[in-house]
Amino acid sequence: MKLKMKLTKTKPETHDTKTLTLESAERPDFKPGQFFIAEFTRPEKIPKRSYSASSSPTKKGVLEFTVKAVQGGIVSNLLNGAKPGEEFIVDGPYGHFFFDEKEMPQIVMLGAGSGIAPFRSICRYIIDKKLKTKATLVYCSRTLEDIICHDELIEFSKKMKGLKLVISLSREEREGYHFGRIDDAMVKGITAKNKGAFYFICGPPQMVSGTEGMLLANGIAKERIKSEKYG
Ligand SMILES: Cc1cc2nc3c(=O)[nH]c(=O)nc-3n(C[C@H](O)[C@H](O)[C@H](O)COP(=O)(O)OP(=O)(O)OC[C@H]3O[C@@H](n4cnc5c(N)ncnc54)[C@H](O)[C@@H]3O)c2cc1C
């Protein structure tokens, strides 16, 4: 479904990431985790790009994207500089990367960088619907200042009784944070505690492929793994 939506708000999340709020009376319905293709309506030709909804489908009329400005990237930088009032064509929803509350009483979300976006949508949905989903969220960032929606992640762990939150930093050691990337030792620990869970992986292609390989090697069935590669 293609729809014109107006940018009504932009919110800086970190030094290079903003959340864009788009609104329209008949916002397309979607499942938490799905993505849309965003298109500028400016006269010049600008390529289209995919963005996961970071808002929950429970929030009517509103669609949010959380966009990290990629160095040298065309669209992500234009989106980060866009001003309220601009109109966009939004096409979607797309993808099989979504949370299904009936099928998935237990989930593990493994994200890096802007790959936090669909997990914001899933966590917000679980909170809004007061679901009892048992969830683990592992979020990997380079440094403390790169953590997208840091306060909101802490809020999730207070509002979601079943949530275990691990924030991991790959380039600095800080008290209270895991240090390093997702590795086999971490995957072993998580899979041992989440045998029947569904696994979601989202982020840069290398991170997604590497993590998926480790999950498979640790006995998680392919049918229980959903992955979304950005970039
Ligand atoms: C299904 C899907 C959902 C997505 N959801 C989101 C989202 O919610 N938030 C978000 O910020 N992005 C998301 N992306 C990535 C997004 O679609 C763009 O690829 C990204 O914004 C870069 O576009 P660009 O035009 O700025 O860069 P381009 O002009 O396409 O690329 C410029 C340079 O940056 C490199 N590059 C491109 N993308 C990345 C990247 N993600 N990380 C590092 N280097 C990169 C390229 O190799 C190239 O050298 C998603 C991608 C997919 C496939």
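## Ligand contacts

Which backbone atom lies 2.9 Å from an oxygen atom of the ligand? The answer is a backbone N or O atom of lysine 68, a polar contact in the sense of a pair of N or O atoms within 3.5 Å (within protein, one must be able to donate a hydrogen and the other to accept it, and residues adjacent in sequence count only if both atoms are side-chain atoms). This is a predicted model, in which local features need pLDDT of at least 70 and side-chain atom pairs count only at pLDDT 80 or more, while totals for chains, interfaces and linings use all residues. Residues are numbered from 1 along each chain as its sequence is written, and side-chain values use heavy atoms, with hydrogens and water left out.

The ligand is surrounded by 20 residues, of which the closest are Arg49, Ser50, Tyr51, Val75 and Ser76; a residue counts as near if one of its heavy atoms lies within 4 Å of the molecule. In arginine 49, an N or O atom of the side chain is 2.7 Å from an oxygen atom of the ligand, and in serine 76 a polar side-chain atom lies 2.6 Å from a ligand oxygen.

## The sheet

Strands of a sheet pair through backbone hydrogen bonds, either parallel or antiparallel. Strands (E, at least two residues) and helices (H or I, at least four) are DSSP runs numbered from the N terminus, and two strands pair if DSSP finds at least two bridges between them.

Strand S3 (residues 35-40) pairs with S4 in the antiparallel sense over 4 bridges, and alanine 38 stands opposite arginine 49 in S4.

## Salt bridges

Side chains of opposite charge can pair when their charged atoms come close. A salt bridge is counted when a side-chain nitrogen of Lys or Arg is within 4 Å of a carboxyl oxygen of Asp or Glu, and by this rule there are 16 salt bridges.

Glutamate 152 forms a salt bridge with arginine 120, with the closest N and O atoms 2.6 Å apart, and this pair links helix H3 (residues 150-159) to helix H2 (residues 117-128) across 32 residues. Glutamate 152 also forms a salt bridge with arginine 124, at 2.7 Å between the closest N and O atoms. Glutamate 152 and arginine 124 are both buried, where buried means under 20% relative accessible area, exposed over 50%, and partly exposed in between (1.4 Å probe, protein chains only). Salt bridges that share partners join Lys11, Glu13, Lys59, Glu64, Arg120, Arg124 and Glu152 into one network. Within it, lysine 59 and glutamate 64 meet in a salt bridge at 3.7 Å, N to O; lysine 59 is partly exposed at 42% relative accessibility, whereas glutamate 64 is buried at 6%.

## Threonine 191

Threonine 191 lies in helix H4 (residues 184-193) and is buried, with a relative accessible area of 6%. Its side chain reaches the backbone oxygen of lysine 188 at 3.2 Å. Leaving aside neighbours within four places in sequence, threonine 191 is in contact with Tyr199, Leu215, Asn218 and Ile220.

Note on methods. Contact means heavy atoms within 4.5 Å.
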